[in-house]
Amino acid sequence: MTAIQLSGYRLMWIFVMFDLPVTTKDQARAATKFREFLLDEGFEKSQFSVYARFCNGKEQFETYMRRVESHLPDRGEVHILSFTDRQYENIVRFSGQSRRRPRTNPGQLALF
């Protein structure tokens, strides 16, 4: 087993943010299907229309971006952002009126 310490400037987070119409049953089904796709791809729900996933570099980010692109609903807006792990460390989070501690990010990636 080989453990490789990767740089916080190489490790990345991918955020998918979207605003999808849900005024018809078909639109609501498409929005639900898109959310379920993101969860199946390993994204976690950060907010109702914001999902995040940890990536081990730009190549994996590009792979997930292509997967998301291939599953876009017919209507609505979808934005994909990337942050290095170092940048993500600086995100300030609030829950209600209380500041939350930063998330603990994976410290290393083990390759077998």
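Guide: Ala52 is buried, with a relative accessible area of 5%; buried means under 20%, exposed over 50% and partly exposed in between, using a 1.4 Å probe and protein chains only. This is a predicted model, in which local features need pLDDT of at least 70 and side-chain atom pairs count only at pLDDT 80 or more, while totals for chains, interfaces and linings use all residues. Residues are numbered from 1 along each chain as its sequence is written, and side-chain values use heavy atoms, with hydrogens and water left out.

Ala52 lies in strand S4. Helices (H or I, at least four residues) and strands (E, at least two) are DSSP runs numbered from the N terminus. Leaving aside residues up to four places away in sequence, Ala52 touches Trp13, Ile14, Phe15, Gly42, Phe43 and Glu44; contact means heavy atoms within 4.5 Å. Met17 is 35 residues from Ala52 in sequence, with 8.8 Å between their C-alpha atoms.

S4 belongs to an open sheet of four strands, ordered S3-S4-S2-S5, with antiparallel pairing; two strands pair if DSSP finds at least two bridges between them. From one strand to the next the twist averages 30 degrees. Axes here are lines fitted to C-alpha atoms, for helices over the stretch in contact, and angles run from 0 to 180 degrees between N-to-C directions. Three bridges join S3 and S4 in the antiparallel sense, and Lys45 has Tyr51 of S4 as its bridge partner. H1 packs on the sheet, touching S2, S3, S4 and S5, and its direction makes about 170 degrees with that of S2.

On H1 itself, Gln27, Ala31, Phe34, Arg35, Phe37 and Leu38 are buried. These residues cover an arc of only 155 degrees around the axis, which puts them on the same side of H1; the arc is that of the directions from the helix axis to the C-beta atoms. Their cover includes S2 (12-19), S4 (50-55), helix H2 (58-70) and S5 (77-84). Exposed residues Lys25, Asp26, Arg29, Lys33 and Asp40 are on the face of H1 turned away from its buried side.
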